[in-house]
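Here's a quick tour of charged side chains and nonpolar packing. Keep the viewer open while you read.

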Amino acid sequence: MIELAAVVPHPPLLVPELAGGAAAETAPLRAGCESAANRLVAAGVVDWLAVAADPSGPRRVPPSAAGTFAGYGVDVPVALGARCRPAGAEADRLPLPMLVAGWLRGRVPADVAVTGELIAPSSPAAECAARGRQLVEGLPGRVGLLVLGDGSSHHPAPGAGRVDERAVRFDATVRDALATADTAALLGLDERLAAELDVAGRPAWQLLAGAAERAWPAWRGELLYSAAPYGVAYHVAVWRPVR
């Protein structure tokens, strides 16, 4: 059973060692993500199911996996479970969402085990929702759901790359849906538009919607952060079941 769901983005700049000069500016985002992770622990769950879209999906990543952010410029080791620091070739090649999940695991005061569930970025909404329902039905016990995904990378910002004015409205819809635990709004996100806006989080958010609808009749959402620093939208939220 899902006891709580936490929604976070997965940019490398979450990690202070990788953020460099942007560490101070991204502190509110980092604080929001750490707060969401700590709320999973506060809910009494030390087994996390981390879901995200990645080209290597669909596949499951076991809690025995570990890796490093070395590919992003700094050797910051992370583990999905209780495992020693990976060294050189012994490190698993974890995709970025799982690296961030492992990093967040290391920021909470509990011995958490993270199992990753990766889905293909092109997965349609119905498939994402169905996978979410299947995951709920197969859960062995109490689990915290960690949902990782970024918003559009085409928001107006100083130094931003290609700007698409549609990104503002799209991410406003996502923000409001996460704030109110609106599963219908998440499932109704335009898949083609999301692809055009480079929205990495769309499949994971729609998986969350399917899982939430199957797990509990109603949910209460709380938005912890929503902004687009450097032109990329990042949303942080927590969903609690209404018992």
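## Salt bridges

The count comes to 12 salt bridges. Keep in mind that this is a predicted model.

One of the bridges pairs R60 with E117, and their closest N and O atoms sit 2.8 Å apart. This pair links distant parts of the chain: R60 belongs to strand β3 (residues 59–61) and E117 to strand β6 (residues 113–119), 57 residues apart. How exposed or buried are the two ends? R60 is partly exposed at 48% relative accessibility, while E117 is buried, with a relative accessible area of 5%. The cut-off for buried is under 20%, so E117 makes it with its 5%.

R162 and D164 meet through their side chains in a salt bridge, at 3.9 Å from N to O. The limit for a salt bridge is 4 Å, so the 3.9 Å of R162 and D164 falls within it. R162 counts as partly exposed at 48% relative accessibility, whereas D164 is buried at 11%.

E196 forms a salt bridge with R166, and here the closest N and O atoms are 3.0 Å apart. E196 lies in helix α7 (residues 191–196) and R166 in helix α5, so this bridge ties together parts that are 30 residues apart in sequence. Both ends are partly exposed: E196 has a relative accessible area of 37% and R166 has one of 39%.

D171 is found in helix α5 (residues 166–180). D171 is buried but has no salt bridge, and the nearest side chain of opposite charge, R175, is 9.0 Å away. What does the D171 side chain reach instead? It gets to the backbone nitrogen of S152 at 3.1 Å. Leaving aside neighbours within four places in sequence, D171 is in contact with G151, S152, H155, A233 and H235.

R30, in helix α2 (residues 27–42), is another case. R30 is buried and has no salt bridge, with E34 as the nearest side chain of opposite charge, 5.5 Å away. The R30 side chain reaches a backbone oxygen, that of A23, at 3.1 Å. Not counting residues up to four places away in sequence, R30 touches L13, L14, P16, A19, A23, W103 and R107.

## Nonpolar cores

The largest nonpolar core has 44 residues, and the members that touch the most others are V8, L29, W48, F69, M98, L146 and L148. Elements that each supply at least two residues include β1 (2–8), α2, β2 (47–53), β6 and β9 (234–241). Which element gives the most? That is α3, with 7 residues.

Not counting residues up to four places away in sequence, V8 touches C33, A36, L104, L146, V147, L148, G149, H235 and V236. There is also a second, separate core of 38 residues, which includes L145, V147, L186 and A211.

Key: Residues are numbered from 1 along each chain as its sequence is written. This is a predicted model: local features need pLDDT of at least 70, side-chain atom pairs count only at pLDDT 80 or more; totals for chains, interfaces and linings use all residues. Side-chain values use heavy atoms; hydrogens and water are left out. Helices (H or I, at least four residues) and strands (E, at least two) are DSSP runs, numbered from the N terminus. Buried means under 20% relative accessible area, exposed over 50%, partly exposed in between (1.4 Å probe, protein chains only). Lys and Arg count as positive and Asp and Glu as negative; His and the chain ends are not counted. A polar contact is a pair of N or O atoms within 3.5 Å; within protein, one must be able to donate a hydrogen and the other to accept it, and residues adjacent in sequence count only if both atoms are side-chain atoms. Contact means heavy atoms within 4.5 Å. A nonpolar core is a set of buried Ala, Val, Leu, Ile, Met, Phe, Trp, Tyr and Cys residues joined through side-chain atoms within 4.5 Å.
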